[in-house]
Amino acid sequence: MRTTRVLSSFRVLPGVRAGGAGRAGRVVRAVGAGLLVLGAAASPAVADSSPSASPSDDGAGPTSAGTSFRTATEVDQGQRATASASMGDYLYWSFPADAGQRPTVKATVKLPDAHASATWQVDVYDGLRRRQACQYGAQTRTAAQDAASVELSCTLRTVRAWSEPWADDPLPGTYYVRLTTVGLKAADLGLPVSAEVQIDSKDIGGAAAVDGSLAEPLVPGVAVAAKGDDSDEDSETSVAVLSSIEPDDGWASGWWSDRWVWTGVGGVLAALAGVGGYSLTRGAGRPRGVPPGA
């Protein structure tokens, strides 16, 4: 009975419970609305992680290949390039790769009916003609005697917007694909083959972003032109004519990445957490009828 009387004498001050519940509800609603807005703002950044390519309507590309770096056939990402050649030839294609992309080169070689075993290899070089290592993929494969075709693939490391001069990191610019056979027997030299190459890339986004960018992408010059009437190629007025190959949206130059979005998201969430914590812990204030300092 005594416990009952003590409990019955305890009374909640009017407005305290209702006010606390109201504040908590307002905070929850504010945080929920903020999360909805942030989710809508961050959705484009999440979508950037999908495979990035710019294929044409039918994906058809060039039907020939170059025989050296200087004569490499230009192909866009997402296109399918084909070429007819002979065993022992060196086939070259070039494609653009921008910062944040992870290119994947896939090559298929259709072999003649009768041939000996041979090893085929696909190599990728950057704009400085440095051979780039494959992160994964079957870069080299040996076709057996009765094989009708052989498939190769090479996934490069993510292209960086900037790198140290001594590093061998992939940088934005032109990349070269070289397809050839190694260890070819003399009896198979010159047999007709057909090759098919396709380059796709995945946009890695802010996970590969770096603080810096190149002044110009590594796109080698294909010719030299003179400014004005001066036609001397060795003069100071001559300029290099860059290759026309570049991404459809232009070179990104490394100034934007989805790290900006997630940085903004973190700042807004921290502000909402601060406002919510203050609203929940500040209390209801001094009740009516209670003098200050009491």
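This is a predicted model: local features need pLDDT of at least 70, side-chain atom pairs count only at pLDDT 80 or more; totals for chains, interfaces and linings use all residues.
Local features were considered at pLDDT of at least 70 and side-chain atom pairs only at pLDDT 80 or more, whereas totals for chains, interfaces and linings use all residues. Residues are numbered from 1 along each chain as its sequence is written, and side-chain values use heavy atoms, with hydrogens and water left out.

Strand β11 spans residues 173-182; strands are DSSP runs (E, at least two residues) numbered from the N terminus. Nine of the ten residues of β11 are buried (under 20% relative accessible area, 1.4 Å probe, protein chains only). Antiparallel pairing, for which DSSP must find at least two bridges between the strands, joins β11 to β4 (residues 91-97) over seven bridges, with A97 opposite G173. Strand β6 (residues 118-125) also pairs with β11 in the antiparallel sense, over seven bridges, and here Y125 stands opposite Y176.

Q132 belongs to strand β7 (residues 131-132) and is buried, because its relative accessibility is 1%. Beyond its neighbours within four places in sequence, Q132 has contacts (heavy atoms within 4.5 Å) with residues including Y125, D126, L156 and Y175. The side chains of Q132 and D126 are joined by a polar contact of 3.1 Å (a pair of N or O atoms within 3.5 Å, one able to donate a hydrogen and the other to accept it; residues adjacent in sequence count only if both atoms are side-chain atoms).

A148 is located in the loop between β9 (140-143) and β10 (149-156). With a relative accessible area of 57%, A148 is exposed (over 50%). Outside four places in sequence, A148 contacts V109, K110 and L111.

How values were computed: Helices (H or I, at least four residues) and strands (E, at least two) are DSSP runs, numbered from the N terminus.
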